[in-house]
Amino acid sequence: MTTINDQQLVAAAIAASQHAYIPYSRYAVGAALLAGDGTLYTGCNVESASFSPTICAERTALVKAISEGQRDFMAVAVATRDAGSPCGVCRQLLYEFSPSMRVILADLDGNLRLTTTLEELLPHGFGPFDLYAE
Ligand code: THU
């Protein structure tokens with residue numbers, strides 16, 4: 001398994017941000033998601049003239065990974081011009097699979113601004129175990 005460090009994960013997120021389809025917000029986001037087996041999945045935000053179909057970069061990467069059979073993740077790097085933080089919807093969907101994954105926030109110059117965990121970003125979250133519990 002090839003190991004990838006945080007800086008490389010951020011570089012992949014920055015590269016993905018270059019594909020962002022953002023005619024409305026002009027706010028490019030790139031995400032790079034590292035699966036438990038070391039496979040990397042990237043995503044960008046894709047906007048719509050109808051606005052609500054817009055999908056965030058993090059969920060683009062996540063659905064790519066899930067659709068290829070991955071279910072657990074070690075880390076996600078997100079890159080934006082201001083090292084923006086994942087939205088609540090993305091936090092929730094990432095939490096579904098790997099609450100303890102690391103989250104690395106960076107700007108588009110590759111500066112790592114924050115390294116945290118999903119549980120820190122979504123404390124006391126609601127997840128699959130809440131439905132499985134007796
Ligand atoms: N966006 C993301 O891609 N990820 C987030 O976590 C926050 C917001 C996108 C959605 C939209 O295309 C643009 O950023 C402005 O909200």
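Modeller: Start with alanine 65, which lies in helix H2. Helices (H or I, at least four residues) and strands (E, at least two) are DSSP runs, numbered from the N terminus. This is a predicted model, where local features need pLDDT of at least 70, side-chain atom pairs count only at pLDDT 80 or more, and totals for chains, interfaces and linings use all residues. Residues are numbered from 1 along each chain as its sequence is written, and side-chain values use heavy atoms, with hydrogens and water left out.

Biologist: Why does alanine 65 count as buried?

Modeller: Buried means under 20% relative accessible area, exposed over 50%, partly exposed in between (1.4 Å probe, protein chains only). Alanine 65 has 0% relative accessibility, so it counts as buried.

Biologist: What does alanine 65 touch, not counting residues up to four places away in sequence?

Modeller: Its contacts (heavy atoms within 4.5 Å) are Leu33, Tyr41, Gln70 and Phe73. The C-alpha atoms of alanine 65 and leucine 40 are 8.4 Å apart, though 25 residues separate the two along the chain.

Biologist: What makes H2 mostly covered?

Modeller: Seven of the 10 residues in H2 are buried. Among them are Ala57, Leu62 and Ala65. The buried residues of H2 pack against E1, E2, strand E3 (73-79) and helix H3 (88-97).

Biologist: How do you know that E1 and E2 pair?

Modeller: Two strands pair if DSSP finds at least two bridges between them. Strand E1 (residues 30-35) and E2 have five bridges, in the antiparallel sense.

Biologist: Which residues touch the most other members of the largest nonpolar core?

Modeller: A nonpolar core is a set of buried Ala, Val, Leu, Ile, Met, Phe, Trp, Tyr and Cys residues joined through side-chain atoms within 4.5 Å. The largest has 20 residues, and those touching the most other members include Leu33, Phe73 and Val76. H2 gives the most to this core, with four residues. A second, separate core of 12 residues includes Ala13, Ala77, Ile104 and Ala106.

Biologist: Why is the contact between arginine 102 and aspartate 6 called a salt bridge?

Modeller: A salt bridge is a side-chain nitrogen of Lys or Arg within 4 Å of a carboxyl oxygen of Asp or Glu. Here the closest N and O atoms are 2.6 Å apart. Arginine 102 lies in strand E4 and aspartate 6 in helix H1 (residues 6-17), so the pair ties together parts 96 residues apart in sequence. Arginine 102, at 32% relative accessibility, counts as partly exposed. Aspartate 6, at 21%, counts as partly exposed too.

Biologist: How many salt bridges does a search of the whole structure find?

Modeller: Two. Aspartate 107 also forms one with arginine 113, the closest N and O atoms being 3.4 Å apart. Aspartate 107 has 5% relative accessibility, so it counts as buried.

Biologist: Where does valine 46 lie, and why is it called partly exposed?

Modeller: Valine 46 is in the loop between strand E2 (40-44) and helix H2 (57-66). Its relative accessible area is 34%, so it is partly exposed.
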